[in-house]
Amino acid sequence: MSLLLELHEVTHFYGRVCALSGVTLNVEPGPIGLVGQNGAGKSTLLQILLGLIRPTHGTAVVLGQNVRTAGLALRGRVGYMPEHGGLVTGLAGVEYVALAGELCGMPRKQALRRGHETLSQLGLEDARYRPLDQYSVGMVQRLKLAATLVHDPDLLLLDEPTSGLDPEGRTAMLHLLESLASRPGKSLLLASHLLGDIERVCQSAIILRQGQVLKVGRIDELRTTRPRSFRLRWDGDAAPYLAGLRERGVQIELDGKPGQAKALVPTDWQTREFFAEAHRQSLPLTGLEPEEEDLQAVYQRLMTAPPEPAGRTA
Amino acid sequence: MSVDTAGYRRWAGRQLPNALACWPIARSGLVLVLRRKLFWLLLALAALHFLFIFATIYLKFQIAAQNPGLERFVNQVLRSVTGTGETYREFMFRQGTVTMLVLAFAGGMLVGDDMRRGGLTFYLSRRIGRWHYVVGKLLAIGLLVSLTTTLPALVLYIEYGLLTNSFSYFRENLGILVGILGYGLVMAVTLALLLFALAAWLHKTVPLVMAWACLFVLLPALGELLQDVFDDRHWLLLSLWRDIRLVGTWFFGGIDTERELAMLNPSLAIVLGVCIVSTLALVPRVRAVRVVQ
């Protein structure tokens, strides 16, 4: 399978400020999350992938095309949905979507027909002829997605698509993105601060910090690299038991729930040692469950760790 | 509102060349402008002057046909409609007031809003370059200018020619056609570039109208004042609209007076200078780096 993104030592400077530093990535097609704090380089990476700016150093190949030489052709195969702006106020919904199609090279009639179709599929059929100024936040997000989809791009670059949506709208948008991501030949690059959204829609994630790739890989693989974490449950007085575990290097977090605690164990820890210690202290353990680390926890852990060397594959 | 992506189907049509994307940009720009009632009012004002001249030409020919004895008298009274280049040049010049008003109010909608509300992101993230965007917007502004100046002037030219009942008028006055088109082109290009650059920097309508008024009302008035004070006609060059007319006059086949001839080169330099400075000023406002912020 050909790669979706191939970035080699991509570096970009704005004057003296380094926005991206030696980013090397090989990403396979599919739904991918792009995670990072403000200033991490997400927007610069999106610009480079869109072919809008040329990287100061390095090469970037998207969908098999070099962004340096095929910027315009590339944008015909990519759809970009910005978080803010991106509207031409005064136009009606269908005019806006059709214009997006025409700007991607579609003939007017086809762009209009496709605009109607896309808006209907996204639940905006009744609002097609309404001026954009009269759209709600949720409708605007759907509309922008429609304009992104109208020319049937192979790659969707989505910048905070659930931003400003109420819970119901957010669920609907995520459902929609999941549905799109499952379609053959469609890839998503979803930039979001809401890691739950990325976890729900994407299979892989790229985590950026200060212009460098901190981690990249399948989300389930990122989870497997977590420090081992367990939830313990017991009956009775567990103070001596917990003290015994602490002496052996286990970090205990009491979260206020009676009869249970979270335990972070050292790397060489054997699970049976929980039972051995409970036996020594004569404490009946009623539960021992490995805790699933979510992307939020992975992200927080990685943000506090030093960056690893570049050169990743997802 | 339900979502139904099951019906989503692929599109595999042939993509048109990028250069053709300029037209949808221009068309949508005109749609935005013409949706406002204010512009219809301004265009109606422009149409009034046009209809007046149109009716005058018609009247002149009717009187001359029915009463040949009055022809000389009519020609004397209606000196502004002689069918020479002067007729159309003056008509286009006098349309200036309405044209300026249209442009002052349209600039914010056509360009300013794109900069202020992120419309530029919409355009530049598609399969077009920034020059397609610029050309599309310039085309929209240019068409607005032509709608109030060049197009009605052409209609008057055709009317005059048809009322002569022979094609000799068209044959003998091809230079006038060149003049109308040339003057119109100079006007459209200069004003479009200037408006684009100002709107790209000022964004909102009110500051844009003020800047526009400074350029086309205050500066000419100042020029006339300084000309009176210093007794130097070069101060009149401060009126860009006048400069454009002088350059446009050249297209009509020559300049009548020595004084105007002496002013032609400085006027041309000013018009070119405005175009170059405007182009240089608009370039940083449409840099792709501004698209994703």
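1. Among the contacts in chain A between residues at least 6 apart in sequence, 69% join residues at least 24 apart. The model is a predicted one, and the points below should be read with that in mind.

2. Chain A contains 11 helices and 15 strands. Of its 314 residues, buried ones make up 44%. The C-alpha trace of chain A spans about 80 × 45 × 35 Å along its principal axes.

3. Is A:Val62 buried or exposed? A residue counts as buried if 20 or more other C-beta atoms lie within 10 Å of its own. A:Val62 has 27 other C-beta atoms within 10 Å, and is therefore buried.

4. Which residues does A:Val62 contact, leaving aside its neighbours within four places in sequence? They are A:Leu5, A:Leu49, A:Val67, A:Leu74 and A:Leu155. A:Leu7 is 55 residues away from A:Val62 along the chain, and the C-alpha atoms of the two are separated by 8.3 Å.

5. On the nonpolar cores: the largest one has 156 residues. The residues with the most contacts inside this core are A:Leu190, B:Ile141 and B:Phe196. Helix H10 of chain B, residues 174–202, provides the largest share of this core, namely 17 residues. As general background, nonpolar side chains in soluble globular proteins tend to be buried together.

6. Not counting residues up to four places away in sequence, B:Ile141 touches B:Leu103, B:Leu110, B:Leu191, B:Ala192, B:Leu195 and B:Phe196. One of these, B:Phe196, is also listed with B:Ile141 among the residues with the most contacts inside the largest core.

7. Next, the interface. How many residues of chain B are in contact with chain A? There are 37, and they meet 42 residues of chain A. On the chain B side, the elements that give two or more residues are helix H1 (22–34), helix H5 (96–116) and helix H6 (119–124). H6(B) gives the largest share of that side, 5 residues. By type, the residues of chain B that touch chain A divide into 17 nonpolar, 13 polar and 7 charged.

Technical notes
Residues numbered from 1 in each chain as written. Chains lettered and ligands numbered in written order. Predicted model: local features only at pLDDT ≥ 70, side-chain atom pairs only at ≥ 80, totals over all residues. Core = buried A, V, L, I, M, F, W, Y, C linked by C-beta atoms within 7 Å. Buried ≥ 20, exposed ≤ 12 C-beta atoms within 10 Å, placed from the backbone. Helix = DSSP H or I, 4+ residues; strand = E, 2+ residues; numbered from the N terminus. Contact = placed C-beta atoms within 7 Å. Nonpolar A, V, L, I, M, F, W, Y, C, P; charged D, E, K, R; others polar.
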